[in-house]
Amino acid sequence: MGQVPADMRPSGPAPYGFVGDGRVSRHWRHYFSSLGMPWALWSCRIARADASRADRVLADCPIILLAVADDAIEGVLGELRDAGLGDRTFLHFCGGRSIEGAWGAHPLMSFGASLYKPAFYRDIPIFAESAAGWPDPVAHFRALFPLLPNPCFALRPEDKAYYHAICALAGGLTAVVWREFFEAMATRFAVPREALAGYPRRIIENVIDSPDTALTGPVARGDTGTVRAHLRALDGDALGALYRAFIDAAAKEPA
């Protein structure tokens, strides 16, 4: 089946309801459409534009996916219940917290501004929250989304904050460092981005191939003189504190 733009709703019934029209929502609607899974969309932004009501747009949706900011989930959930949708199954995408009244299923992926090829989404791992109501979260996920082929893993509520923290560090922190790297290379050293692409790609490939041996450079070699020079160069910069934390973390023995 060909790609369907993420802002278009397939014809026919819409058993899956999306609340929120940000990046996660756009990517998952795009994925659902590629698999022929119908959906309906409601968001505050859309409602401001056309005065649409959540209870009408989502009337035929027994499963509602709350694709909103983590801190907004509880408030949005309350509003939907007040709108007469309290009998639905609610799912949220927050990986770091449990939300009463909604079930958590976190896709471990970074969702950029551009949509991905449909086949890519099928390999995204889903971390499904275990709870009293669904002691087998993987089976629960399969029951709610029988057409999704994604690998799925159980995540205990008490582990969610740690799980999400290391995901945020691995993805978000590295994104910040690479942003600073490319900016410095362009502004201070006049090096175009295309000349640098092989460096991050090789690092990621090395990490995937062998995470315990992927670290290279002066910190890995114990070149203390060079490391001290690095710290002096970064003195007064926020990256200096980050470099010191990197040294501490790198000293940890592999598990």
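Is Arg 221 buried or exposed? Arg 221 is exposed, with a relative accessible area of 56%. Here are some notes on this predicted model, point by point.

1. **Confidence.** The protein chain has a mean pLDDT of 91, and 93% of its residues reach 70 or more. Among the elements, strand E3 (residues 63-66) has the highest mean pLDDT, at 98, while helix H2 (residues 44-50) has the lowest, at 86.

2. **The largest nonpolar core.** This core has 26 residues. Those with the most contacts inside it are Tyr 16, Trp 28, Phe 32, Leu 65, Phe 145 and Leu 148. Two or more residues come from each of strand E1 (16-19), helix H1 (23-34), strand E2 (39-42), E3, strand E5 (103-107), strand E6 (126-129) and helix H6 (137-144). H1 gives the largest share, three residues. As a general point, nonpolar side chains tend to be buried together in soluble globular proteins.

3. **Around Trp 28.** If you set aside its neighbours within four places in sequence, Trp 28 is in contact with Phe 18, Pro 107, Phe 111, Ile 126, Leu 148 and Asn 150.

4. The whole structure holds 10 salt bridges. In one of them, the side chain of Arg 221 meets that of Asp 223, at 2.8 Å from N to O. Asp 223 is partly exposed, at 29% relative accessibility, whereas Arg 221 is exposed at 56% because its value is over 50%. Elsewhere, salt bridges with shared partners join Arg 156, Glu 158 and Asp 159 into one network.

5. Arg 88 and Asp 87 form a salt bridge through their side chains, with an N to O distance of 2.9 Å. Arg 88 has 18% relative accessibility and so counts as buried, the cut-off being under 20%. Asp 87 is exposed, with a relative accessible area of 63%.

6. Glu 205 and Arg 202 lie three residues apart in helix H8 (residues 198-209), about one turn of the helix. They form a salt bridge whose closest N and O atoms are 2.9 Å apart. Both count as partly exposed: Glu 205 at 37% relative accessibility, Arg 202 at 44%.

Note on methods:
Residues numbered from 1 in each chain as written. Predicted model: local features only at pLDDT ≥ 70, side-chain atom pairs only at ≥ 80, totals over all residues. Heavy atoms only, no water. pLDDT = per-residue confidence, 0-100. Helix = DSSP H or I, 4+ residues; strand = E, 2+ residues; numbered from the N terminus. Core = buried A, V, L, I, M, F, W, Y, C linked by side-chain atoms within 4.5 Å. Buried < 20%, exposed > 50% of the residue type's maximum accessible area, 1.4 Å probe, protein only. Contact = heavy atoms within 4.5 Å. Salt bridge = Lys/Arg side-chain N within 4 Å of Asp/Glu carboxyl O.
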